[in-house]
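This briefing is intended to be read alongside the sequence and the coordinates. Please keep both in view.

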Amino acid sequence: MGVVFGGWPEEMHSDFEQVKRIESAKKLKKDVVSINTEEGRVLVQGSAADPYEATLQECTCPDFAIRQAPCKHMYYLAGEMGLLGDLPVYKKKESAFDPGSEIEKYRDLYKSGEISADTYVKLCAPLDKMRKK
């Protein structure tokens, strides 16, 4: 596997937690205080009094401090610099994903005792909403 940006391994960006951050980055434009793509720096007003400063390698936000993995601020910067082009993009109309079959799969795991009722409900609630759309 290669490197997408900032020395981070390419395979990490398809991890569920990272995909959530990539999607959150798409909503940050209104919070950007300043960006310098030539220097690879962005200031983003978050929940703290002072804006978070991010580069492609680090960020001053709590998420990065705790996880030591790219946060949404870093993904925003990478996106603005054109460095996220090789990441997979979900295309709803082209997807073969079937929420109903996923619910059946988790039902079987629940019935066999491999997952708890609580886990079964947590997994299937969003799938059920997807199925009804």
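The model is predicted: local features need pLDDT of at least 70, side-chain atom pairs count only at pLDDT 80 or more, and totals for chains, interfaces and linings use all residues. Residues are numbered from 1 along each chain as its sequence is written, and side-chain values use heavy atoms, with hydrogens and water left out.

**Gln18**
- Gln18 lies in helix α1 (residues 16–25); helices are DSSP runs of H or I of at least four residues, numbered from the N terminus.
- Beyond its neighbours within four places in sequence, Gln18 is in contact (heavy atoms within 4.5 Å) with residues including Met12, Arg67 and Tyr75.

- Cys59 is in no disulfide, and its nearest cysteine sulfur, that of Cys71, is 3.7 Å away.
- Cys61 is likewise in no disulfide, with the sulfur of Cys71 the nearest at 3.7 Å.
- Cys59 is buried at a relative accessible area of 9%, and Cys61 is buried at 3%.

**Helix α4**
- Pro99, Gly100, Glu102, Ile103 and Tyr106 are buried in α4.
- These residues cover an arc of only 155 degrees around the axis, so they lie on the same side of α4; the arc is that of the directions from the helix axis to the C-beta atoms.
- The buried residues of α4 pack against α5 (117–132).
- Gly113, which follows α4, has a positive phi near 85 degrees.

Notes:
Helix = DSSP H or I, 4+ residues; strand = E, 2+ residues; numbered from the N terminus. Disulfide = S-S within 2.5 Å. Buried < 20%, exposed > 50% of the residue type's maximum accessible area, 1.4 Å probe, protein only.
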